[in-house]
Amino acid sequence: MELNKFISNSYQKVDPYEGVNAINEILVEKKFLVVTDEKEYFGILTPHDLIKRPHKIVIDCLTEKEHISADETIKSVFKKFNRNRCSVLPVFKENRFIGIIEKQHILNELELKTEELYNKSIVSQKVKSTFLHNLSHEIRTPLNGLLGFVKIVNNIQTE
């Protein structure tokens with residue numbers, strides 16, 4: 001599964017020198033904020049950051065989070081999510097911030113894919129079962145005819 005389709009450029013931004021009190025409600029509603037100014041990416045702020053590093057301005061509350069390279073595998077991305085204990089991570093390409101990836105977005109897509117594969121397997125199982133049923137019927141009918149002829153021939157020879 002390609003990672004690029006999970007990279008989002010749609011996220012709430014906050015200035016690094018914004019006061020924490022001003023962004024509390026937005027942070028609780030959005031669950032994360034991308035801390036950036038016009039030129040530079042600083043990090044991703046989560047409610048956990050405010051608990052872990054309570055300060056008055058946003059940039060002082062940030063905790064270090066691993067970033068994801070745009071060419072990583074889904075497996076390595078989940079390892080980073082688990083290692084960082086967060087639900088969103090920044091994505092970089094050639095040392096430049098290009099967007100974010102949310103864990104839930106990937107999980108939703110994987111769940112849909114799993115359901116799709118399960119449904120295909122059910123259909124395949126039904127097709128196989130129907131095929132075997134029809135095949136056994138198609139083989140049994142001529143064999144029963146042959147067995148009947150063999151019995152008739154045996155009866156004629158024994159008389």
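Which element gives the largest share of the lining of the largest pocket? The structure is a predicted model, in which local features require pLDDT of at least 70 and side-chain atom pairs count only at pLDDT 80 or more, while totals for chains, interfaces and linings use all residues. Residues are numbered from 1 along each chain as its sequence is written, and side-chain values use heavy atoms, with hydrogens and water left out.

The secondary structure is described first. Helices (H or I, at least four residues) and strands (E, at least two) are DSSP runs, numbered from the N terminus. Strands of a sheet pair through backbone hydrogen bonds, in either a parallel or an antiparallel sense. Here, two strands are said to pair if DSSP finds at least two bridges between them.

Four bridges connect β2 and β3 in the antiparallel sense, and Val34 stands opposite Ile44 of β3.

Another open sheet of three strands has the order β4-β5-β6, again with mixed pairing. In this sheet β4 (68-69) and β6 stand at the edges with a single partner strand each, so one side of each lacks a neighbour in the sheet. The pairing of β4 with β5 is parallel and spans two bridges, with Ile68 opposite Val91 of β5. By contrast, β5 and β6 run antiparallel and are joined by six bridges; Lys93 has Arg96 of β6 as its bridge partner.

Residues are called buried under 20% relative accessible area, exposed over 50%, and partly exposed in between (1.4 Å probe, protein chains only). The buried residues of α1 (residues 20-30) are Val20, Ile23 and Leu27. Viewed down the axis of α1, these buried residues fall within an arc of 70°, so they line one face of the helix; the arc is that of the directions from the helix axis to the C-beta atoms. The face turned away from this buried side carries the exposed residues Asn21, Ala22, Glu25, Val28 and Glu29. The buried residues of α1 pack against β1 (13-14), β2 (33-36), β3, α2 and α3 (58-61), where contact means heavy atoms within 4.5 Å.

Thr46 lies in the loop between β3 and α2. This threonine is buried, with a relative accessible area of 10%. Apart from neighbours within four places in sequence, Thr46 is in contact with Leu27, Lys31, Phe32 and Lys65.

Most residues other than glycine have a negative phi. Just after α1, however, Lys31 takes a positive phi of about 75°. Arg85, in the loop between α4 and β5, has a positive phi of about 50° although it is not a glycine. This arginine is exposed, with a relative accessible area of 77%. In the hairpin of β5 and β6, which has two residues between the strands, Glu94 takes a positive phi near 55°. Asn95, in the loop between β5 and β6 (96-102), likewise has a positive phi, near 60°, and counts as exposed at 76% relative accessibility.

The pockets were then considered. On a 1 Å grid over the protein atoms alone, a cavity is a set of points where a 1.4 Å probe fits but cannot get out, whereas a pocket is an open set with protein on both sides within 12 Å along at least five of seven lines; lining residues have an atom within 4 Å of a point. Grid points are joined across faces, edges and corners, and a volume is the space filled by probe spheres set on the points.

The largest pocket has a volume of about 260 Å³. Its lining comprises 15 residues, of which His48, Lys65, Asn84, Arg85 and Cys86 lie nearest the centre. Two or more lining residues come from each of α2 (47-52) and α4 (74-84), and α2 gives the largest share, four residues. By class, the lining of the largest pocket has three nonpolar, five polar and seven charged residues; Ala, Val, Leu, Ile, Met, Phe, Trp, Tyr, Cys and Pro count as nonpolar, Asp, Glu, Lys and Arg as charged, and the others, Gly among them, as polar.

The second largest pocket has a volume of about 180 Å³. Strand β3 (41-45) and strand β5 (88-93) each supply at least two residues of its lining, and β3 gives the most, with four.
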